[in-house]
Amino acid sequence: MKVVIFCGGKGLRLRDFSENIPKPMVPVGPRPIIWHTMKYYAHHGHKDFILALGHKSEAIKDFFLNYSEAMSNDFVLSNGGRSVKLLSSDIDDWTITFVDTGIESNIGQRLMRVRDHVASDEYFMCSYADCLTDAPLDHMIETVKQSNKAMSFLAVKPSSSFHALQYDASGDLIGIKPADQLGLYINGGYWIMRPDVFDYIKPGEEVVEEPMRRLIAAKQLHPYRYDGFWACMDTFKEKMMLDDMVSTGKAKWQVWANAAARAQSAPAAGPAIDLGKVTEGLQPIKAAQAGAFPRNTLA
């Protein structure tokens, strides 16, 4: 199954890095975050990638054009450095299509501009380049095929460390809770789609707004709720957290490195979300800091 990865964002909240390189190239440990995202898909057997490029696309192209397998794998050097024998490989069997989709394009526009590359497929997948998870991709695919919906997306708990205020109908404060205890779920940035989703997207629209509302109304949107590991890298603090997980050997998203252990302890997907209540339960909750819900939020 083909995988579209959205690589056009400017990463303004990671300014220390994004002024020089695009956000997908910001390193997590020794490798850029886009490598981790692609490695996750490749581990599950999906190695045909379409990179929807935008801001500083030349840096992403250069990384892959000059990719050295020896920098990511064990190898044997002989003949005074003239011979290199790789003991393993990362991207040797990957196919990567690079598509410039515009500097200022939103996700919906980027998706429309790669339409020709996926329109003949039964299903294809999409992902942000800056979100990491250990969600069971095979089960996600099986579930959406059984549902016969046009689109499925990963629904996860918000990972940001903020507290939210909860009010009753009269406006009185009734609680202050950490975000992960509110029963809220957000768009985790991993989608599985049929090509007919393009019929729900109008020119200029963002995928997670009007098109997903139309899919809900048509009963063609399937949320896959997952309570296991998920993290995005929107801020420098989140980058440092991911770096720490790599350095301590606790990078949960690296399913390719610890598949045997995960098979015994992987958390199950949660029950289905009632999308009819998407807008209901959000009204009495107000974020305690600006930008608290950066991605679409589900009650």
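**Exercise 1. Is Leu 86 buried, partly exposed or exposed, and what is its relative accessible area?**

Solution. Start with the origin of the numbers. The model is predicted, so local features need pLDDT of at least 70 and side-chain atom pairs count only at pLDDT 80 or more, while totals for chains, interfaces and linings use all residues. Residues are numbered from 1 along each chain as its sequence is written, and side-chain values use heavy atoms, with hydrogens and water left out.

Step 1. Take the classes: buried means under 20% relative accessible area, exposed over 50%, and partly exposed in between (1.4 Å probe, protein chains only).

Step 2. Apply them. Leu 86 has a relative accessible area of 36%, so this residue is partly exposed.

Step 3. Leu 86 lies in strand 6; helices (H or I, at least four residues) and strands (E, at least two) are DSSP runs, numbered from the N terminus.

**Exercise 2. Which residues form a nonpolar patch on the surface, and which strands supply at least two residues each?**

Solution. Step 1. State the rule. Patches are made of residues with over 30% relative accessible area and no salt bridge; like charges are joined within 9 Å, and nonpolar side chains (Val, Leu, Ile, Met, Phe, Trp, Tyr) within 5 Å.

Step 1. Name the members. The nonpolar patch consists of Phe 75, Leu 77, Val 84 and Leu 86, which together have about 340 Å² of accessible area. Accessible areas come from the Shrake-Rupley method with a 1.4 Å probe, and for residues only the protein chains shown count as cover.

Step 2. Assign the strands. At least two residues of the patch come from strand 5 (75-78), and at least two from strand 6 (83-86).

**Exercise 3. Describe the salt bridges of Lys 23 and the parts of the chain that they link.**

Solution. Step 1. A salt bridge is a side-chain nitrogen of Lys or Arg within 4 Å of a carboxyl oxygen of Asp or Glu. By this rule there are nine salt bridges.

Step 1. Take one partner. Asp 130 and Lys 23 form a salt bridge at 2.6 Å, N to O. Asp 130 lies in the loop between strand 8 (124-128) and strand 9 (131-133), and Lys 23 in the loop between helix 1 (15-18) and strand 2 (27-28), so the pair ties together parts that are 107 residues apart in sequence.

Step 2. Take another partner. In the salt bridge of Asp 234 with Lys 23, the closest N and O atoms are 3.0 Å apart. This pair links distant parts of the chain, 211 residues apart, with Asp 234 in the loop between strand 15 (230-232) and helix 8 (236-247).

Step 3. Check burial. Lys 23 is buried at a relative accessible area of 11%, and Asp 234 is buried at 8%. Asp 130 is buried as well.

Step 4. Turn to another pair. Lys 239 and Asp 243 form a salt bridge at 2.8 Å, N to O. Both residues lie in helix 8, four residues apart, about one turn of the helix.

**Exercise 4. How many aromatic pairs does the whole structure have, and how are Trp 35 and Trp 256 arranged?**

Solution. Step 1. Rings of Phe, Tyr and Trp (its six-membered ring) pair if their centres lie within 6.5 Å; planes under 30 degrees apart count as stacked, over 60 as edge-to-face and the rest as tilted. The search finds 13 aromatic pairs.

Step 1. Trp 35 and Trp 256 are edge-to-face, at 5.8 Å centre to centre and 90° between the planes. Trp 35 lies in helix 2 (residues 33-43) and Trp 256 in the loop between helix 8 and helix 9 (259-265), so the pair ties together parts 221 residues apart in sequence.

Step 2. Compare their accessibility. Trp 35 is buried at 3%, whereas Trp 256 is partly exposed at 22%.

**Exercise 5. Which residues touch the most other members of the largest nonpolar core?**

Solution. Step 1. A nonpolar core is a set of buried Ala, Val, Leu, Ile, Met, Phe, Trp, Tyr and Cys residues joined through side-chain atoms within 4.5 Å.

Step 1. The largest core has 64 residues, and Leu 51, Leu 111 and Trp 191 touch the most other members.

Step 2. A separate, second core has eleven residues, including Ile 33 and Phe 229.
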